Every structure is written in C-alpha cells, then in structure tokens.
Amino acid sequence: MATGFPAATGDILTAAMFNGLTAFQSTITDQTADYTAVLTDQYQVLVSMNKATAIAFKIPTNASVAFPVGTVLNVLSKGAGLVTISAVTPATTTILSAGAVAASPTLAQYKMAACVKVATDTWYVVGAIA
C-alpha cells in the first residue's frame with residue numbers, strides 16, 4: 001500500500017506519499033490458490049494470480065470487508081490457469097463486466113483487470129477480460 005494512505009482531512013501531501021502513487025507495491029506475492037481480497041489489496045497493490053490450472057479471485061461482501069467506494073483492486077493473471085473474478089456471496093455482491101459472463105469475468109494468462117467499487121456491494125471489472 002502506498003505510504004501514508006488513506007489520508008485524512010488536514011493531512012499534508014508529502015513527497016513519499018506522492019511518489020507512492022506512481023508504482024505498484026515493490027513486493028508482490030503470487031497467489032497460487034483461490035484468493036479472497038483483503039483490505040490491504042487496495043490502492044497500489046497488484047494481486048498476482050499464478051497457477052497452471054483454474055483459479056478464483058473473490059470479492060467479499062461489504063459487510064465482510066468494507067472497501068471504500070472508489071477502491072480499485074488490480075488483478076494480474078501470470079499462470080496458465082484461467083482466473084475467474086467473482087463475488088464470495090453473489091446474492092449480495094454484484095460484479096459487472098463486459099465479459100462473456102458479466103457476473104464472472106475471466107482473465108487468461110498475462111492479462112490484467114481492475115475491479116472498481118462503485119457502490120456498497122457493486123463492482124465493475126474492466127481490462128483484458130474474456
């Protein structure tokens with residue numbers, strides 16, 4: 001996560017905070033099993049999914065993890081396995097995309113997507129989705 005974020009009213013933007021916005025986190029751990037997003041995945045974090053077979057990136061309900069509206073989760077598919085982006089609880093959390101299956105977009109190897117929270121339990125997924 002970028003240094004100093006999230007900031008609060010009255011905070012002064014320092015060089016370290018500003019420079020933290022320009023790059024992804026320097027240490028990225030490959031996820032080799034199904035993964036559910038956590039609060040620290042927001043901002044300049046790249047979640048790297050790396051498995052030879054199918055793997056899932058799950059977005060939890062707002063009640064479980066209260067990401068602020070406007071949060072972006074960046075997902076990269078490194079492995080040969082197809083990455084499916086979906087909700088932990090589909091009846092509560094809505095995932096929308098222009099993919100073949102709007103509620104469960106997929107990423108092929110070396111493709112990336114951004115999951116953008118637009119309302120309490122609504123996310124748009126944009127990027128190199130199938």
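The areas come from the Shrake-Rupley method with a 1.4 Å probe, and for residues only the protein chains shown count as cover. Leu96 belongs to strand E7 and is partly exposed, at a relative accessible area of 35%. On this scale, buried means under 20% relative accessible area, exposed means over 50%, and partly exposed is what lies in between (1.4 Å probe, protein chains only).

A word on the model itself: it is predicted, so local features need pLDDT of at least 70 and side-chain atom pairs count only at pLDDT 80 or more, while totals for chains, interfaces and linings use all residues. Residues are numbered from 1 along each chain as its sequence is written, and side-chain values use heavy atoms, with hydrogens and water left out.

Now for the chain as a whole. The protein chain holds one helix and 10 strands, and from the N terminus on the elements run α-β-β-β-β-β-β-β-β-β-β. Helices (H or I, at least four residues) and strands (E, at least two) are DSSP runs, numbered from the N terminus. Of the 130 residues in the protein chain, 37% are buried. The accessible surface of the protein chain comes to about 6700 Å², with 61% of that belonging to carbon and sulfur atoms. Looking at contacts (heavy atoms within 4.5 Å), 61% of those between residues at least 6 apart in sequence join residues at least 24 apart.

Next come the sheets, where two strands pair if DSSP finds at least two bridges between them. Leu76 has Met112 in E9 as its bridge partner, and Val72 stands opposite Val116 in E9. Val116 also stands opposite Tyr124 in E10. Strand E10 (residues 122-127) pairs with E9 in the antiparallel sense over six bridges, and a hairpin takes the chain from E9 to E10 through two residues.

The other sheet to look at is an open one of four strands, ordered E2-E4-E6-E8, again with mixed pairing. E2 and strand E8 (106-107) stand at its edges with a single partner strand each, so one side of each is left without a neighbour in the sheet. Strand E4 (residues 55-59) is mostly covered, with four of its five residues buried. Two bridges join E4 to strand E2 (residues 35-36) in a parallel arrangement, and the bridge partner of Thr36 in E4 is Lys58. E4 also runs parallel to strand E6 (residues 83-87), over five bridges, with Ile59 standing opposite Ala87. E6 and E8, by contrast, run antiparallel and are joined by two bridges; here Val83 stands opposite Leu107 in E8.

That leaves the side-chain pairs. Rings of Phe, Tyr and Trp (its six-membered ring) pair if their centres lie within 6.5 Å; planes under 30 degrees apart count as stacked, over 60 as edge-to-face and the rest as tilted. By this rule there are two aromatic pairs. One of them, Phe67 with Trp123, is edge-to-face, at 5.5 Å centre to centre and 90° between the planes. This pair links distant parts of the chain: Phe67 lies in the loop between E4 and E5, Trp123 in strand E10, 56 residues apart. Phe67 is buried at 2% relative accessibility, and Trp123 is buried too, with a relative accessible area of 1%.

A salt bridge is a side-chain nitrogen of Lys or Arg within 4 Å of a carboxyl oxygen of Asp or Glu, and the count by this rule comes to one. It is formed by the side chains of Lys78 and Asp30 (3.2 Å, N to O). Lys78 lies in the loop between E5 and E6 and Asp30 in strand E1, so the pair ties together parts that are 48 residues apart in sequence. Lys78 is partly exposed at 33% relative accessibility, and Asp30 is partly exposed at 27%.
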